[in-house]
Amino acid sequence: MGTEFVRNAAGRIVPTEINGKEIIPFKGIGKHIPDGRKYGPPIHSSVHYPPDGNKVVPSLKEAMIQCGLRDGMTISSHHHLRNGDLISNEIFRIASELGIKDLVWFPSASFPCHEPIIEYLKDGTIDHIEGSMNGPLGRFTSQGKMKGTGVLRSHGGRYQAVQDGEVQIDIAIIAAPTSDPFGNANGLYGPSACGGLGYALADYQYAHRIIIVTDNLVRFPCLPMQIVGNYVDCVVAVDKIGIPEKIVSGTTRITTSPDRLFLAELTAGFCDEAGLIHDGFSFQTGAGGTSLAIGTYFHKILKERGIKARFASGGSTQYIVKMLEDGCLDYILDAQTFDLDSVRSMRENPNHTDLSIFNCYDYHGKGNFTTMMDVVILGATEVDVNFNGNVVTHSDGYLLHGIGGWQNALFGRNVIIPIPLFRDRIPVIRDEVTTLCGPGELIDVIVTERGIAINPLRTDLIEKVKDSDLPIKTIRELKEEAEKICGKPSPPEFEEKTIAAIKWVDGTVIDIVRQIREQVSSK
Amino acid sequence: METTGTAGNKGKGVRSDCIVTIELAQTGGIEIELNSKVGKLYSDHILGLCKEEMAFFEIENARVRIEDSGALHFVLAARIEAAVKECIDTQKEYLLEMIPDNLYQTAKDRYRRSRLYLPGNTPSFMINAGIHRSDGIILDLEDAVAPAKKHEARLLVRNALRQVNFYGAERMVRINQVPMGLEDLHYVIPHNVNVILVPKCESADEIIKVEQEIAKISREKGIESPVYIMPIIESALGVIKAFEIAISSPNVVALAIGLEDYTADLGAQRTREGHETFFARSQIVNAARAAGIQPIDSVFSDVSDMEALKENVLESKSLGFDGMGCIHPRQIEVIHKYYAPDDLEITRAKNIMNAFHEAADKGLGVVSLGSKMIDPPVVKRAQRTIDLAIKAGKCSVDWRDKHGN
């Protein structure tokens, strides 16, 4: 093995090559400025497409063959159907049946429903995944069982990689809840309605071939055209693209855990004391239980004061929709639609609009929306005493989550991470994160149930809350408090093998994940 | 004694706990089989603790199996000790360090608006209980613990009293009904418990027995800090004897009522209007006030209905109660908010306090407001109203400096 390793600007040791391709080590925030031109897909001609606009092909298998499926190709799919997605597994079942080998799966995210993909990683149909490796796929990858090396990117990083030509998609297969025979499609209608299709934007703009798979084929024209048919090669109609109750994610229920509600209230209280909640402010909260609860506390504060937020971005949920309908919020800019109420709202309310990843997150665009966001609430599996954050591995070293929009959202004005000080017995604040996903200079506040730590770089925030009743502590104090309760954990042990690379938003490699050393449980 | 012992919990939904099985052997040393959710990070700690405890209890040969779902040190230690004590007869106690944060005392007349019940054998509820800032937390050895689990719960509660920081909440333990509860005292009194709750109390005699046992243990262990007693009245007979119970010992600081058992004892159904419990509640308030202690109301069991809880609190306050039990942390805020004095009460209290301070400034021995003379107990009560209002955020600490009104 001739792979060389270098220390990147974040102090992490990374290889100079991943999957046989040279990589650029992380240089620091805003330091890597690429030159050259964007990637361009081949030129096509209308000559090759039916003048009646009917691109319908009888089956996904035929469509894949027609699009020239062969060994080593990069195949993309998208996660707007979330844990109810029936198409991704089907793609690789077909490829395996056709005896195709060494594909690269390039999903915008994976879910537990994609566990069957493990079979196709084992039989050689797929060489590796570039996307997220969640749950069972992450465990499989951590154990060193994937042939190639995984590459994890943020949502914005995925767009950047496609746009910059780092990843060239041979066939993009887009599951669309409604489509016409020409390939104009949207996610608003049909039995598998999921809201927006923003994650697929890079794919239909830049992929060589595009297949739309739908279970609601309507006559031309399908409006609105969230996906424009002029990019599309074929359309396949199937019985079912998704399981509706799993498309509407379970994460949209507000937490009932008293500890998490406490954390949510404390976080909202902090934002209020720090003067971040004002007329016209903007925010992004995730769809996790604590995050949703923070949104409802924001709502309460806005309503009590009779003021309004200008826009909410990121994922939409019934709670955010309620704010909009209640007159406490002007706009929802929606990159991911988490529940049926949000789908309905997007369909009916012109102030609730779908948003592409390009708009909100692409770092190699002419700016993006995130830097205009006042308050960004994020999660983390770990943070460290330098405010660095990890979202992909757990403290025991297993790769279990994707990056999602997390890295991109770090560019918000005030990035706040509410997390319990420890989970089960595991402290969340470490000397050094197991895997570096986001540099500490972008993370402003860590809120735990036992105290709030403000990044020393944010002297303005420290000043604003210094006379409040909030339990402000240093991050080291919080770390020590957790270790007093839990004991100091031993560091996880790794093998030499690199199993995944973590990309930064500009395409450089900020860290890698190594294969876990599995220990025998008895002694 | 058996040659095997088991303690702890496992299964779906069990967190921060473990189950330990010990099988004594003749040879082979200590063999530990550990299966832990946090094994990668804590197996050295867990194995080390287990070996240390085995050595402490002088067990040389045993097979130990630990299935761990993220238990903290104090939980593991308690579970191992409980399993050991099923196998061997010993008076030894494996005591963990008493963390300095836990060495506080409380006062007889401190606020007892809310007290949060924590099942005595469920560690996951104990760990974060203090962050919710109830006035008291109760480690419950009685109804929340199954009969077969009583012993292991005592050890867990003992370890929690030494190691879990409840951030200033009054540290209470509900023992089992006397006489069984007298044995519980041995596991908690030496570990800085502030209040003992005596359930299903029906006579002054029970309180005297509890008090004598506490005194005996305190003498043996050289403990000087006071341990207060809160009897819980839960039967018709208890209600009739309420005053007798309230004055049975100078250490009785509050009288509480438990309405579930009480209505069952009456043979009545609990209704929303609560006519069936009106007499008992009033009797408790009267007995407690006559004895100069705090009357404390029953818990409200529908944890999802905050509106009904609010009504319940307002009614309770109007009857004269000072506080109530909580079975869920979310209830605490509502309880504190609505037991707090209302605006009229606060204004009246401020007027009284202003009159008092003016009289003091002028060197007058008699305080008067308008044409009324004000007695010292009225002043004391006004001060307490203001303190409560401050605690509830309805009045600023420096209200006199700022506004003088």
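Which helix of chain A holds Gly157(A)? Select that residue to start the tour. Gly157(A) lies in helix α5, residues 155-163. Keep in mind throughout that this is a predicted model.

**Stop 1: Gly157(A)**

Is Gly157(A) buried or exposed? Count the C-beta atoms around it. There are 28 others within 10 Å. The cut-off for burial is 20 or more, so Gly157(A) is buried.

Then pick Lys488(A) and draw a distance. From C-alpha to C-alpha, Gly157(A) and Lys488(A) are 35 Å apart. In sequence, 331 residues separate Gly157(A) from Lys488(A).

**Stop 2: helix α4 of chain A**

Select residues 135-142 of chain A, which form α4. Colour the buried residues: Leu137(A), Gly138(A), Phe140(A), Thr141(A) and Ser142(A). What do they pack against? Their partners in chain A are helix α3 (117-122) and the strands β8 (126-129), β9 (150-152), β29 (494-503) and β30 (509-516).

Step past the end of α4(A) to Gly144(A). This glycine follows the helix and has a positive phi, near 80 degrees.

**Stop 3: two cis prolines**

Move to the loop between β13 (209-214) and β14 (234-237) of chain A, where Pro221(A) sits. Look at the peptide bond from Phe220(A) to Pro221(A). That bond is cis, with omega about 0 degrees.

Stay in the loop between β13 and β14, because Pro224(A) is found there too. The bond that joins Leu223(A) to Pro224(A) is also cis. Its omega is near -10 degrees.

**Stop 4**

Select Asn19(A), in the loop between β3 (17-18) and β4 (21-22) of chain A. Asn19(A) is not a glycine, yet its phi is positive, near 50 degrees. How many other C-beta atoms lie within 10 Å of Asn19(A)? There are 15, so Asn19(A) is partly exposed.

Next, select Phe387(A). This residue is in the loop between β20 (382-384) and β21 (389-390) of chain A. Phe387(A) is another non-glycine residue with a positive phi, here about 70 degrees. It has 26 C-beta neighbours inside 10 Å, so Phe387(A) counts as buried.

**Stop 4: helix α8 of chain A**

Select 258-273 of chain A, the residues of α8. Does the helix have the span its residue count predicts, or what else is found? The 16 residues of α8(A) should span 22 Å at 1.5 Å a residue. The end C-alpha atoms are 22 Å apart, so the two values agree.

Colour the buried residues of α8(A). Among them are Pro258(A), Arg260(A), Leu261(A), Phe262(A) and Leu263(A). Further along are Ala264(A), Leu266(A), Thr267(A) and Ala268(A), with Phe270(A) and Cys271(A) also buried. After the helix comes Gly275(A), with a positive phi near 75 degrees.

**Stop 5: where chain A touches chain B**

Keep α8(A) selected and show chain B. At this interface, 22 residues of chain A are in contact with 25 residues of chain B. Two helices of chain A, α8 (258-273) and α15 (475-486), each supply at least two residues of the side that touches chain B. Which element gives the most? That is α8(A), with four residues. By class, this side of chain A has eight nonpolar, seven polar and seven charged residues.

**Stop 6: chain B as a whole**

Chain B has 15 helices and 14 strands. Along the principal axes, its C-alpha atoms fill a box of roughly 90 × 50 × 45 Å. Of the 405 residues of chain B, 46% count as buried. Take the contacts in chain B between residues at least 6 apart in sequence: 71% of these join residues at least 24 apart.

**Stop 7: a helix pair in chain B**

Select α13 (residues 343-361) and α14 (residues 376-391) of chain B. Their axes come within 9 Å and cross at roughly 125 degrees. That angle makes α13(B) oblique to α14(B). The crossing is left-handed.

Show the side chains where they meet. On α13(B), look for residues including Ile346(B), Ala349(B), Met353(B) and Phe356(B). On α14(B), residues including Val378(B), Val379(B), Ala382(B) and Ile386(B) take part. By class, the contact has ten nonpolar, two polar and two charged residues.

Methods. Residues are numbered from 1 along each chain as its sequence is written. Chains are lettered from A and ligands numbered from 1 in the order in which they are written. Two residues are in contact if their C-beta atoms, placed from the backbone, lie within 7 Å. Ala, Val, Leu, Ile, Met, Phe, Trp, Tyr, Cys and Pro count as nonpolar, Asp, Glu, Lys and Arg as charged, and the others, Gly among them, as polar. A residue is buried if 20 or more other C-beta atoms lie within 10 Å of its own, exposed if 12 or fewer, and partly exposed in between; C-beta atoms are placed from the backbone. The expected span of a helix is 1.5 Å times one less than its number of residues. Axes are lines fitted to C-alpha atoms, for helices over the stretch in contact, and angles run from 0 to 180 degrees between N-to-C directions. Angles under 35 degrees count as roughly parallel, over 145 as roughly antiparallel, 65 to 115 as roughly perpendicular and the rest as oblique. A crossing is left-handed if the near helix is turned anticlockwise from the far one by less than a right angle, and right-handed if clockwise.
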